[in-house]
Amino acid sequence: ILCAQTLKEIITDTPFKIVVYGTPAEELLSAKYQMWENGCFRDIDVALMMHASTSTAVDSKSLAATEFAVTYHGESAHAAMFPERGKSAFDALLLAFHGTEMLREHVRDDVRLHYTCLDAGGPANIVPSTAKGQFLLRSLSTSYLKGLIPRFLEIIRGASIMAGVTYSIEDSIVLPNKIPVPLLNEVIMKNARLADAPGISLPRDRPGSTDFSAVMYNIPGACLRIKFVDPPVVSHSPAFAAHGKTNDAHRAISQSAEILAYTCADILYDANLLKQVKQEFAENK
């Protein structure tokens with residue numbers, strides 16, 4: 001909103017439209033994906049956002065991601081007296097975890113495989129009839145990630161066969177990777193230097209996933225990450241959130257608005273720049 005207000009104040013000699021989209025928190029990885037699917041962001045040429053950080057930089061890439069919630073269903077029994085009568089759902093979940101570990105050796109270096117136990121089905125003295133786990137698969141390439149999913153699902157099925165249980169699975173959307181637009185990143189960082197932003201750094205080359213990539217996969221876009229706190233504080237931590245109430249956080253928001261407003265001004269006053277940004281986006285996609 002600050003960026004939009006700034007633009008309205010500083011640019012009065014050329015017509016333009018700026019759209020401000022309020023969005024849910026990015027921890028809900030499908031938020032901006034659902035917004036795109038419902039028609040948002042399609043009325044703009046370039047999408048820009050900011051994110052607080054421990055340095056001022058842009059992302060050179062992002063990881064495509066997809067999630068699975070897997071529940072194994074077995075037969076409970078007393079683990080000491082009648083273990084032979086049980087079919088352990090937790091055994092299947094452990095096998096699925098182990099199979100996922102074995103998969104790591106046979107995928108590209110950019111692939112990330114994460115998992116956690118949501119419900120082990122305890123207590124320890126029973127053979128559990130249900131167990132639930134969550135899996136997160138990521139890659140720099142959306143197409144490679146989609147090709148990996150069938151291999152992962154075979155691990156889930158194989159674990160159920162070995163443990164003699166059944167399973168149910170809830171999958172999510174495939175959040176695409178960002179299409180990089182280095183020229184747009186350069187314009188943002190030029191304006192960050194002009195604004196004397198703190199902690200200016202090279203583009204982040206080891207990012208995670210963001211729901212904003214659902215937008216940046218379809219139209220040119222970039223995220224300015226601006227420093228407002230020093231390491232070892234990391235993003236998305238309690239300490240990071242606590243710093244959100246500081247004067248440095250307020251300064252970061254104001255400064256981000258300035259940087260993005262002048263980035264928009266560069267695009268508005270240089271018709272060739274927008275053309276080049278769109279061309280670079282198309283070529284990289």
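1. **Ground rules.** The model is predicted, so to speak of local features I need pLDDT of at least 70, and side-chain atom pairs count only at pLDDT 80 or more, while totals for chains, interfaces and linings use all residues. Numbering runs from 1 along each chain as its sequence is written, and side-chain values use heavy atoms, with hydrogens and water left out.

2. **Overall picture.** The protein chain has 9 helices and 9 strands; these are DSSP runs numbered from the N terminus, with helices being H or I of at least four residues and strands E of at least two. The C-alpha trace spans about 80 × 40 × 35 Å along its principal axes. Of the 285 residues, 43% count as buried (buried is under 20% relative accessible area, exposed is over 50%, partly exposed is in between, with a 1.4 Å probe and protein chains only). Take the contacts between residues at least 6 apart in sequence: 81% of them join residues at least 24 apart (contact means heavy atoms within 4.5 Å).

3. The whole structure holds 10 salt bridges, each being a side-chain nitrogen of Lys or Arg within 4 Å of a carboxyl oxygen of Asp or Glu. One of them joins Arg225 and Asp59, at 2.9 Å from N to O. Arg225 sits in strand 9 (residues 221-227) and Asp59 in the loop between strand 2 (57-58) and strand 3 (64-73), so this pair ties together parts 166 residues apart in sequence. Both ends are out of the solvent by the cut-off above: Arg225 is buried at 8% relative accessible area, and Asp59 is buried at 6%. Asp59 and Arg225 also belong to a salt-bridge network that takes in Arg204.

4. **Lys61 to Asp205.** In this salt bridge the closest N and O atoms are 3.2 Å apart. Lys61 is in the loop between strand 2 and strand 3, and Asp205 is in the loop between helix 5 (182-194) and helix 6 (213-216), so the pair ties together parts 144 residues apart in sequence. Lys61 is partly exposed, with a relative accessible area of 25%.

5. **A pair within helix 4.** Arg157 and Glu154 form a salt bridge at 3.2 Å, N to O. Both residues lie in helix 4 (residues 142-163), 3 residues apart, or about one turn of the helix. An α-helix has 3.6 residues a turn, so residues three or four places apart point the same way. Arg157 is partly exposed at 37%, and so is Glu154 at 46%.

6. **Helix 4 itself.** Its 22 residues reach 32 Å from first C-alpha to last, close to the 32 Å expected at 1.5 Å a residue (the expected span is 1.5 Å times one less than the number of residues). There is a bend of about 25° at Ile149, and Pro150 follows within four residues; the bend is the angle between axes fitted to the seven residues ending there and the seven starting there. Buried residues of helix 4 include Leu145, Ile149, Phe152 and Ile156. The buried residues pack against strand 3, helix 3 (89-103), strand 5 (112-119), strand 7 and strand 8 (166-171). Just after the helix, Gly164 takes a positive phi of about 70°.

7. **Arg138, the one to look at.** Which side chain of opposite charge is nearest to Arg138? It is Glu67, 8.6 Å away, and Arg138 is buried yet has no salt bridge (Lys and Arg count as positive, Asp and Glu as negative; His and the chain ends are not counted). Arg138 lies in strand 7 (residues 130-139). Its side chain does make polar contacts with the side chains of His114, at 3.3 Å, and Ser209, at 3.2 Å. A polar contact is a pair of N or O atoms within 3.5 Å; within protein, one must be able to donate a hydrogen and the other to accept it, and residues adjacent in sequence count only if both atoms are side-chain atoms.

8. **Thr66.** This strand 3 residue is buried, at 2% relative accessible area. Its side chain reaches the backbone oxygen of Ile173 at 3.2 Å. Beyond four places in sequence, Thr66 touches residues including Leu137, Leu145, Ile149 and Val174.
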